[in-house]
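I am opening these notes to record what I looked up in one model, entry by entry. The sequence and the coordinates come before the entries.

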Amino acid sequence: MPKTLKIEELLKNGSTEWNRLRKAGTVSTDHTGATFENLFSANTDLSGLVLVGSEWDRCDLSKVTFRDTDLSNAYFHGGRLQDCDFRGANLDGATFERLKLLRCDFSGAQGLDSLELDDVDMDRVHGLDGEEAPPPPPPPVHGTTSFTREQRQATVAALAGSSGDEPPPFQPQDPPGTLLFRALRRLGSTPPWVLDAPGLRPPLPTRLPPGAGLESLLREAVKQRLEGSRPVTDPDAVKRAQTALRLGSKEAPFAVMYLREVGVEPAFRFSAANALRELLRAELEVDDLTGAVDPRVAGAMWELRLAHNAEEALGEVRRRLAATQLFEALLEAGFTPENNWDEAVESHEAALDLVAMAVGDDRQALGEAFSTYAGLPEEARLRRLAYLAESATHLEQLARLPAGTEPAWLHGPEFRECHDREMLTLQAFPATEVPKRVPELAQTELGIPAGTVPEDSEGDLFIHLRCAVCGKEKLLVQSPEEGS
Ligand SMILES: [Zn+2]
């Protein structure tokens with residue numbers, strides 16, 4: 001029976017359940033000496049209870065009602081109380097120590113004369129008669145060397161802003177770049193992969209591991225650009241990049257992005273399209289709510305304007321980004337899958353928005369994904385966040401291109417080449433426009449009598465190409481069923 005559960009257990013199970021039991025009158029009102037540690041609780045009704053001598057260690061309470069509650073000799077240490085209602089409460093002999101009070105109301109509370117406030121940070125607190133916490137003792141005038149150990153620790157903690165052992169607040173409203181920035185600062189090092197997400201303006205790694213692959217060259221070029229210098233164009237690397245595009249190799253995404261950094265036009269587009277789509281598809285197929293999507297792949301698709309299916313990809317990446325952003329904000333604030341993180345989510349509008357975007361109302365899927373995510377090493381987690389955020393930006397640009405920008409041209413790159421490069425696409429149009437647009441070319445290339453509409457070509461797409469070197473023109477036909 002839930003009646004036998006202590007208040008500590010009940011509150012851990014969430015405020016909804018607690019408030020329901022209270023309404024039903026099935027929990028006792030006397031909880032003298034109850035002890036709470038690291039409790040996060042929001043919207044909880046603790047009014048009128050007897051919580052004499054209760055202890056609240058590093059608790060995070062939001063919109064909790066202590067109205068007319070007996071908190072005499074209670075001890076609050078660490079944590080933060082936000083929008084809590086202490087009206088009419090008995091605080092005789094109670095102590096608030098090293099915590100933050102934000103928008104709490106103490107109007108009409110009793111025993112305030114003997115309420116002890118020690119190192120309390122107060123912001124818009126009502127009803128304490130404007131009493132501020134006594135200022136901390138001034139630091140000794142001597143140099144650091146004459147400090148005792150305790151004095152030094154106290155000074156360092158004061159300089160750091162607050163009591164150092166407290167986790168930062170829950171901030172799911174912060175954009176991915178901000179979360180990443182704070183996390184890298186905590187991590188104390190900047191891994192080279194941050195250069196794969198330059199759009200987030202990450203802190204830069206001081207030194208990159210040497211490497212001759214296109215990926216290393218790309219990172220080096222990105223670093224140079226972000227540092228404000230011009231990337232050095234390496235003719236050999238440009239040649240290798242163009243070859244990777246022509247072959248549609250695994251290095252194609254790095255090749256496209258490298259050429260972009262050094263300002264060289266990619267000479268091949270269609271031959272790389274299949275490889276890029278395949279790489280993107282493989283990542284989107286992974287059944288993992290926080291699975292990364294490589295921003296070099298998404299970025300290459302944007303650079304080559306391969307807009308086909310961009311909207312679907314964007315939807316999935318946004319979903320994953322929302323989940324990853326939420327999980328990272330939770331972990332930053334000290335919420336793990338083992339404690340009452342649901343409570344934190346419920347108390348925050350931005351968190352609920354992210355939940356809706358990530359899983360709709362499938363909370364079980366959310367919990368499972370959070371467990372998986374929290375089990376990853378921190379650097380791997382941050383990489384997912386950065387990659388998803390950067391990929392989302394590329395795919396958003398791609399999805400904004402007008403419909404029909406890129407028909408499903410997926411085959412036949414070999415028919416498009418002339419002078420060691422792909423011919424430029426001049427125009428694409430349906431059969432009915434052939435006589436008007438390319439009457440002569442249709443005759444010479446495809447044997448269609450000038451001025452006539454090609455037969456049995458409904459739904460086909462005619463693509464008009466020209467070699468940028470010799471000026472030769474070409475007309476290709478693509479039938480819808482040949483694409484995929
Ligand atoms: Zn040519």
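Entry 1, burial. I take a residue as buried if 20 or more other C-beta atoms lie within 10 Å of its own, as exposed if 12 or fewer do, and as partly exposed in between. The model is predicted, and I keep that in mind throughout. I looked up Asp45 to see which class it falls in. Asp45 has 17 other C-beta atoms within 10 Å, so I log Asp45 as partly exposed.

Entry 2, surroundings of Asp45. I found Asp45 in the loop between β2 (40-42) and β3. Leaving out residues up to four places away in sequence, I list Asn19, Arg22 and Thr65 as the residues that Asp45 touches. I also checked Lys23, which is 22 residues from Asp45 along the chain; their C-alpha atoms are separated by 9.6 Å.

Which strand does β3 pair with in the parallel sense over 7 bridges? I find β4 (residues 75-82) as the partner of β3 (residues 55-62). Within this pair, Trp56 has Phe76 in β4 as its bridge partner. I then followed β4 onward. β4 runs parallel to β5 (residues 95-97), with 3 bridges between them, and Tyr75 has Thr95 in β5 as its bridge partner. β4 is also joined by 3 bridges to β6 (residues 100-102), again in the parallel sense. There I noted Gln82, whose bridge partner in β6 is Leu102.

Between β12 (residues 461-466) and β13 I note 6 bridges. One partner I looked up is that of Ile463, which is Leu476 in β13.

Which residues have the most contacts inside the largest nonpolar core? I list Ala255, Tyr258, Leu276, Met301 and Leu326, in a core of 111 residues. Helix α10 (residues 310-332) gives the most to this core, with 12 residues. The core draws at least three residues from each of domain 1 (2-123) and domain 2 (176-399). As a general remark, nonpolar side chains tend to be buried together in soluble globular proteins.

I count 16 helices and 13 strands in the protein. Of its 484 residues, 37% count as buried. Among the contacts with a separation of 6 or more, 50% are between residues 24 or more positions apart.

The average pLDDT of the protein is 85, and 88% of the residues score at least 70. Where does the pLDDT fall below 50? I find this over residues 132-153, a stretch with 15 contacts in the model beyond near neighbours in sequence. Where pLDDT is low, the predicted coordinates should not be read in detail.

Technical notes. Residues numbered from 1 in each chain as written. Predicted model: local features only at pLDDT ≥ 70, side-chain atom pairs only at ≥ 80, totals over all residues. Pairing = 2+ DSSP bridges. Helix = DSSP H or I, 4+ residues; strand = E, 2+ residues; numbered from the N terminus. Core = buried A, V, L, I, M, F, W, Y, C linked by C-beta atoms within 7 Å. Domains from an automatic or database assignment. Contact = placed C-beta atoms within 7 Å. pLDDT = per-residue confidence, 0-100.
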